[in-house]
Amino acid sequence: MAAEHSIDPMHQFSISPVGGGALTGHFAQFTNSALWMLIVTGCVVLFMWGGMQRKLIPGRWQVAAESLLEFINSLTVGNIGPEGRKFTPWVFTLFSFILIANLMGLMPFGIVPAFHPFTITSQFSLTGVLAIISFSTVLVVGFWRHGFHFFSLFIPHGTPLPMIPLIFIIELISFMVRPFSLALRLFVAMIAGHILMDVFANFIVNGIQTGSMMGGGISLLCLIFIIFMSALELLVCAIQAYIFALLTSLYLKDAIHLHKLDH
Amino acid sequence: MDLHAAKVIGAGLAAIGTGVAAIGVGYVFGSFLQGALRNPEAAGKQTGTMFIGFAAAELLGLIAFAVAMIILYAQ
């Protein structure tokens with residue numbers, strides 16, 4: 001009987017320099033995270049570059065790119081109003097980058113030896129930076145348009161006078177928590193899915209290694225489970241990218257309309 | 001009880017939260033479907049609102065998961 005295969009589901013998230021070596025002791029290094037960021041950016045650029053044909057009768061590629069852009073455009077215009085068109089480029093950048101990054105992490109590149117995909121959105125540093133850029137866009141837009149009147153966002157219209165200090169604190173906390181919840185949601189959803197799939201993939205290996213009838217049966221069950229899990233993970237990838245874009249556009253709506261307009 | 005056993009039990013207790021969040025997510029989608037079947041014309045405009053509710057319910061489950069992972073793996 002073979003030795004027990006130890007399960008280490010966190011190993012897939014470790015960052016290491018491309019081409020080996022130690023991570024510490026250098027000012028800057030080209031890591032697998034940076035490599036996959038470049039690959040994801042390249043995929044997005046290639047997709048949009050191929051789709052921007054401006055033909056009167058669009059081909060398939062142009063229809064794909066245009067419908068994706070139109071999807072995000074209707075999201076921002078529907079939430080913010082006609083002036084939401086200005087924010088379509090940023091929300092579209094977020095959506096396409098996160099979507100491709102999530103999907104790239106699920107691609108079965110592992111069949112090529114020593115080339116396993118790295119999910120860049122499973123790092124809090126990356127999702128945190130994306131959330132901070134979104135949050136500072138909201139702050140800049142809010143202060144640019146309304147000046148110090150922007151603080152009325154924290155006091156809903158018609159609040160009774162004695163309630164104002166309490167409501168102000170509650171609204172301020174709920175406002176300041178936004179970048180954390182935005183980043184945490186994407187990062188934890190990616191980590192959770194990948195750990196689950198890693199653990200069950202290890203069950204398959206362990207079951208086969210026992211060499212018994214029951215181990216083989218458990219392996220087969222885990223294989224069937226992991227196939228359905230992969231389908232669910234594809235759905236989660238799309239939903240998380242959509243939610244990030246949706247919440248960004250909602251926060252921009254808050255900054256522009258200050259509770260005044262309800263669509 | 002040694003520290004490792006206590007950690008594993010604590011992580012298991014924290015994982016209960018993910019199940020409770022599953023109830024919340026199911027409730028969001030179920031209620032949306034109930035409303036959408038009664039008034040299908042209004043359903044299309046409300047999918048965004050549904051996903052906000054879904055995001056809020058799901059976040060709490062994910063936080064429970066993050067707590068479990070911190071208990072298990074944090075040094």
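# A tour from helix α6 of chain A

Select α6(A). The expected span is 1.5 Å times one less than the number of residues in the helix. Helices here are DSSP runs of H or I with at least four residues, strands are runs of E with at least two, and both are numbered from the N terminus.

Before moving on, note that this is a predicted model, in which local features need pLDDT of at least 70 and side-chain atom pairs count only at pLDDT 80 or more, while totals for chains, interfaces and linings use all residues. Residues are numbered from 1 along each chain as its sequence is written, and chains are lettered from A and ligands numbered from 1 in the order in which they are written. The predictor gives the complex an ipTM of 0.79 and a pTM of 0.87.

**Stop 1: just past the helix**

Click on A:Gly211. This glycine comes just after α6(A) and takes a positive phi of about 75°.

**Stop 2: where the chains meet**

Show both chains. Twelve residues of chain A are in contact with eight residues of chain B. Contact means that the C-beta atoms of two residues, placed from the backbone, lie within 7 Å. Which helices of chain A each supply at least two residues to the side that touches chain B? They are α6 (178-210) and α7 (213-257). The largest share, six residues, comes from α6(A). Color this side of chain A by residue type: nine are nonpolar, two polar and one charged. Here Ala, Val, Leu, Ile, Met, Phe, Trp, Tyr, Cys and Pro count as nonpolar, Asp, Glu, Lys and Arg as charged, and the others, Gly among them, as polar.

**Stop 3: chain B**

Chain B has four helices and zero strands, so from the N terminus its elements read α-α-α-α. Its radius of gyration is 17 Å, well over the 11 Å that the globule rule gives for 75 residues, so chain B is more spread out than a compact globule. The radius is taken over C-alpha atoms, and the rule is 2.2 Å times the number of residues to the power 0.38. Along the principal axes, the C-alpha atoms of chain B fill a box of roughly 60 × 20 × 10 Å.

How much of chain B is buried? Of its 75 residues, 11% count as buried. A residue is buried if 20 or more other C-beta atoms lie within 10 Å of its own, exposed if 12 or fewer, and partly exposed in between, with C-beta atoms placed from the backbone. Now look at contacts in chain B between residues at least 6 apart in sequence: 91% of them join residues at least 24 apart.

Select α2(B), residues 16-38. Its 23 residues should span 33 Å at 1.5 Å a residue, and the 34 Å between its end C-alpha atoms agrees. One of these 23 residues is buried, so α2(B) lies largely in the open.

Confidence in chain B is highest in α2(B), at 93, and lowest in α4(B) (residues 47-73), at a mean of 86.

**Stop 4: the nonpolar core**

Bring chain A back. The largest nonpolar core has 46 residues. Such a core is a set of buried Ala, Val, Leu, Ile, Met, Phe, Trp, Tyr and Cys residues joined through C-beta atoms within 7 Å. Elements giving two or more residues to this core are α2, α3 (88-106), α4 (124-146), α6 and α7 of chain A, together with α4 of chain B. The largest share, eleven residues, comes from α7(A). Among the residues with the most contacts inside the core are A:Phe95 and A:Phe244. Zoom in on A:Phe95. Leaving aside neighbours within four places in sequence, A:Phe95 is in contact with A:Ile72, A:Ala241 and A:Ala245.

**Stop 5**

Select A:Val18, in the segment before α1 (32-51) of chain A. Is A:Val18 buried or exposed? A:Val18 is exposed, with 12 other C-beta atoms within 10 Å. Not counting residues up to four places away in sequence, A:Val18 touches A:Phe30, A:Thr31, A:Asn32 and A:Leu35.

Next, pick A:Arg54, in the loop between α1 and α2 (60-80) of chain A. Its phi is near 55°, a positive value in a residue other than glycine. A:Arg54 is exposed, with 6 other C-beta atoms within 10 Å.

End at A:Phe154, in the loop between α4 and α5 (164-176) of chain A. A:Phe154 is partly exposed, with 19 other C-beta atoms within 10 Å. Beyond four places in sequence, its contacts are A:Phe168, A:Glu171, A:Leu172 and A:Phe175.

Definitions and conventions: pLDDT is the predictor's confidence in each residue, from 0 to 100.
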